[in-house]
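User: I'm new to this structure and I'd like to learn how to read it. Could you walk me through how its helices pack?

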Amino acid sequence: MSAVTNSGADPRPPLVRITGVDKHFGDVQVLHGVDLDIAAGEVVVIIGPSGSGKSTLCRCINGLETITSGTVTIDGVPLPAEGSELAKVRADAGMVFQSFNLFAHLTALQNVTLAPVKVRGLARRDAEARGRELLSRVGLAEKGDAYPAQLSGGQQQRVAIARALAMDPKALLFDEPTSALDPEMIQEVLDVLVELAAEGMTMIVVTHEMGFARQAADRIVFMDSGRILETAAPADFFACASSERAAEFLSKVLQH
């Protein structure tokens, strides 16, 4: 196995720090001593084959999965194991899932405003004004009163992004945000992610979309078998991956 390379590492203090993280599901270890720092405003794209631990790492960052050992800190605050303190830290690392996870009985606007009112204590009027602003930001200004069943998959995912933004997170986590979408809907979601990246949002994106990785990432993280094998700037990674496993992976995915 090649040593982990660190070209493209960001010199700024980390907003998210992952140190020595192991994760077991029963007797199966799915993360092995993962170390990763992510700076404020940095866009890190995590790629790798299926089953490499990418999504598990993403879920560990905001406590959706409890780590077995190691530490995760967000803006200097260690991730608590459970309780109200975990909810506070989790709100700082918004999560966008591949399956949207919208409430079917609520309109798009209600989906976006629910958490700011219930968790942040924002006044409903202020939350609705902010929600309409965010729906407009993701290109859905006219869809506030629509229910999820009345929206396309791409539109639902953009509502989910607006919902995450409504909590004013310090970082956004995306777990394969386009994998459940029809091909023609993928670009409309990626366009929103590119805009967020350009605006300086700290983002950790698990994806198979190599074009997005090239365009928007500050750094590529390549994982396999629960380990980070390589980190590099996109230009370096795609031109000449330094680990044999990453080069093998790219030779397959870039053919399609």
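Predicted model: local features only at pLDDT ≥ 70, side-chain atom pairs only at ≥ 80, totals over all residues.

User: At what angle do helix 3 and helix 4 pack, and how far apart are their axes?

Analyst: The angle is about 130 degrees, and the axes of helix 3 and helix 4 lie 9 Å apart. An angle between 115 and 145 degrees is neither roughly perpendicular nor roughly antiparallel, so helix 3 and helix 4 count as oblique to each other.

User: Which residues make the contact between helix 3 and helix 4?

Analyst: From helix 3 come Ala108, Leu109, Val112, Thr113, Pro116 and Val117, while helix 4 brings Arg124, Ala127, Glu128, Gly131, Arg132 and Leu135.

User: Which residues of helix 3 are buried?

Analyst: Buried means under 20% relative accessible area. In helix 3, which covers residues 108-118, that applies to Ala108, Leu109, Asn111, Val112, Thr113, Pro116 and Val117. These buried residues of helix 3 pack against helix 4 and helix 5.

User: How do helix 4 and helix 5 pack?

Analyst: Helix 4 (residues 124-137) and helix 5 (residues 153-165) meet at an angle of about 135 degrees, with 9 Å between their axes. Helix 4 and helix 5 are therefore oblique to each other, and helix 4 passes helix 5 in a right-handed crossing. On the helix 4 side, the contact uses Arg130, Leu134, Leu135 and Arg137; on the helix 5 side, Val159, Ala162 and Leu165. That contact of helix 4 with helix 5 has five nonpolar residues, no polar ones and two charged ones.

User: Is glutamine 157 buried or exposed?

Analyst: Glutamine 157 is found in helix 5. Its relative accessible area is 0%, so glutamine 157 is buried. To see what surrounds a residue, skip the neighbours within four places in sequence: glutamine 157 then touches Val96, Phe97, Gln98, Phe100, Pro177 and Val189.

User: Why do the buried residues of helix 9 line one face?

Analyst: Here's the general idea: an α-helix has 3.6 residues a turn, so residues three or four places apart point the same way. Now the case here: in helix 9 (residues 244-253), Ala246, Phe249 and Leu250 are buried. Looking down the axis of helix 9, these buried residues fall within an arc of 95 degrees, so they line one face of the helix.

User: What do the buried residues of helix 9 pack against?

Analyst: They pack against strand 3 (43-47), strand 9 (219-224), strand 10 (227-232) and helix 8 (234-239).

User: Which residues of helix 2 are buried, and what covers them?

Analyst: In helix 2, residues 84-91, the buried ones are Leu86, Val89 and Ala91. Their cover includes strand 4 (69-74), strand 5 (77-78) and strand 6 (93-96).

User: How far is valine 205 from isoleucine 220?

Analyst: Their C-alpha atoms are separated by 9.7 Å, and valine 205 and isoleucine 220 are 15 residues apart along the chain.

Key: Residues numbered from 1 in each chain as written. Heavy atoms only, no water. Axes fitted to C-alpha atoms, helices over the stretch in contact; angles between N-to-C directions. Helix = DSSP H or I, 4+ residues; strand = E, 2+ residues; numbered from the N terminus. Parallel < 35°, antiparallel > 145°, perpendicular 65-115°, else oblique. Left-handed = near helix turned anticlockwise from the far one by under 90°. Contact = heavy atoms within 4.5 Å. Nonpolar A, V, L, I, M, F, W, Y, C, P; charged D, E, K, R; others polar. Buried < 20%, exposed > 50% of the residue type's maximum accessible area, 1.4 Å probe, protein only. Arc of directions from axis to C-beta.
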